[in-house]
Amino acid sequence: MLELPGWVPLHRLAVGFAIFVAIVALALVDRPSRLTAALRRRLLFGLPLGTFVSIGGVLFVYLFLQGGLSTWYRPLVIPFRAWSYFYPLGMLAAPFSHSSAGHLIGNLIGALTLAPIAEYAIGHYPQRRGATSFGSYRDNPYVRAFVLFPAGVFVVGVLTSVLALGPVIGFSGVVFAFGGFALVTRPITTVLALFSGRIVRLFYDAMLSPEVTATARPVFSTPWWAQIALQGHAIGLLFGVLLGVWVVRTRGDSKPTAMRSFAAVLLFTVQESMWAVYWFRGAETFVLFRAVGVALVISLATLVALTVASSDRPIWPRAPDMSVLSAPRWQVGVAVLLIVTSALTGPAIPYNMFTTASDDLPGEKLELRDYEVTYAENVPNGLTAAFDIELFGESTTTNTSGVIVKSKERGIWTTAISKSRLAFDGRSVVRVGGVGWRDRAVAARDGYVVIGTGESAYRVFLATENETVLAYKTGAVQAEPIVAGRNISVVPTAEGYDLKVASDRGAVRGPVPTANVSTTLDDIRFVREDTFIFAEYRGTRVRVAREETYN
């Protein structure tokens, strides 16, 4: 009987064997010599080497700069976001950093499926008439593969960071630029590659988790569309489209038909959810403008198709030379694309010229080198407080609640853990740091759900290895039941929780009862059973509070 090593489950072996058999069978039936010959005519050794170098650079950032080598699923994120122009480390690192392992894998698969199309369209060998390989450094295939293409990827990445709104992170802007370039030069191939990326992701998931057992359980989640960096994706796509149009027109390459371009761009933008235009209202409330988004992607597909397929004929054949109407028709589309790109990127410049709010954080806080960590509720969001703009009933100024991280030196102000998230989990970790160092603070919540109110009396603690502070506590919360004409409230304190019994004669307080120990206040006896607190008075027994539980 065949025995496999413990690290090679039969499930993974089955997936790998199926892929291997498929490749060998297809190679024998449909010999790939024609394909490999075509690849070798444009790519050094027939391989997208520039793509491999670029992906290697992104992996290097995740493994070594963000610490993914030692903590694959818990990379350092906060210092590598694009916070403002006054924090160049974030601006340079953000387009090549990632917020999680899943975020990284998703973008790498996107790059592996789309970047080779763009690299093939550009080519490692010169396409100009009369040009020869090694005639100059620009025509050297090794320079084009290992230097120029990765350099172009770096420049596009930095542009998507510099011209993005908000503290973006991730390689997706560059991936969308690959997609935009490929849609102009090879639209049908791009659509096929887009769906092949889904297949690659399925293969990866099958190898990583060959068998999954799931049970019903509560899950904390925000709307999936509210987690998309839509503006960054859009400017990446537009950069790629403009670069693709420039390459096609300057080299005189054949143009796809308008219908092919329209269909490909529409399929791409719909599949990548670029119709999901949304806004935030604070307190974890988001608004999705679905109809507006659908109209925008249709308009974009139309504009790109007309720009790519339009001829070199002037707008008006009888127009005087050097006039606007004598310009080639395709240039009108380019002009509109440039206007759209400017409209998307323009607001980012003044936005990134401002650093975050410099006001002191409220309440008790922890200090981790140049970082400050605290917990606060319903305070102005220091990330958006620099601008107060209202449009269509929405505002850029919002309030926020949760664990707040601030670094005046880096211009960082962010709600690292929302109030709702901490209420769901009960305990969360905030990771801060910089190049070559990292530290963490633990946020923990305890409390009681007060019966009949839907509210909780709770406390939030922040802790490091050497220090613990009570960062926040609510006021007293009164229960709905009235016992013998007396109101009962749960009161958080620094030491624990008190019960307060109030009547016309005054108020008395005492500690919340523990297991097997009761508390009597103003003739009302309080007892604990499991997580519940009961009030007992002359044969009457009611629940007044329940200890919070977390997921």
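**A residue in a strand and its setting**

Tutor: Tyr-497 lies in strand 15 (residues 497-503). Helices (H or I, at least four residues) and strands (E, at least two) are DSSP runs, numbered from the N terminus. The model is predicted, so local features need pLDDT of at least 70 and side-chain atom pairs count only at pLDDT 80 or more, whereas totals for chains, interfaces and linings use all residues. Residues are numbered from 1 along each chain as its sequence is written, and side-chain values use heavy atoms, with hydrogens and water left out.

With a relative accessibility of 10%, Tyr-497 counts as buried; that word means under 20% relative accessible area, while exposed means over 50% and partly exposed in between, using a 1.4 Å probe and protein chains only. Contact means heavy atoms within 4.5 Å. Setting aside neighbours within four places in sequence, Tyr-497 is in contact with residues that include Asp-446, Tyr-448, Tyr-458, Arg-459, Val-490, Pro-492 and Val-512. A separation of 48 Å lies between the C-alpha atoms of Tyr-497 and Ser-172, which are 325 residues apart along the chain.

Let us turn to a hairpin. Strand 13 (residues 477-483) and strand 14 (residues 486-492) run antiparallel and are joined by 4 bridges; two strands pair if DSSP finds at least two bridges between them. Gln-478 stands opposite Ser-489 in strand 14. The hairpin has 2 residues between its strands, and Ala-484 lies in that loop between strand 13 and strand 14. Although Ala-484 is not a glycine, its phi is positive, at about 55 degrees. Most residues other than glycine have a negative phi. Ala-484 counts as partly exposed, at 39% relative accessibility.

Arg-369 is exposed, with a relative accessible area of 63%.

Next come the cores. A nonpolar core is a set of buried Ala, Val, Leu, Ile, Met, Phe, Trp, Tyr and Cys residues joined through side-chain atoms within 4.5 Å. The largest has 56 residues, of which Phe-171, Phe-178 and Leu-337 touch the most other members. Beyond four places in sequence, the contacts of Phe-171 include Val-58, Phe-96, His-98, Val-153 and Phe-178. A second, separate core of 45 residues includes Val-405, Ala-441, Ile-488 and Phe-526. In soluble globular proteins, nonpolar side chains tend to be buried together.

Finally, the chain as a whole can be described. It has 14 helices and 20 strands. Its C-alpha atoms fill a box of roughly 100 × 80 × 40 Å, taken along the principal axes. Of its 551 residues, 45% count as buried. Among contacts between residues at least 6 apart in sequence, 60% join residues at least 24 apart.
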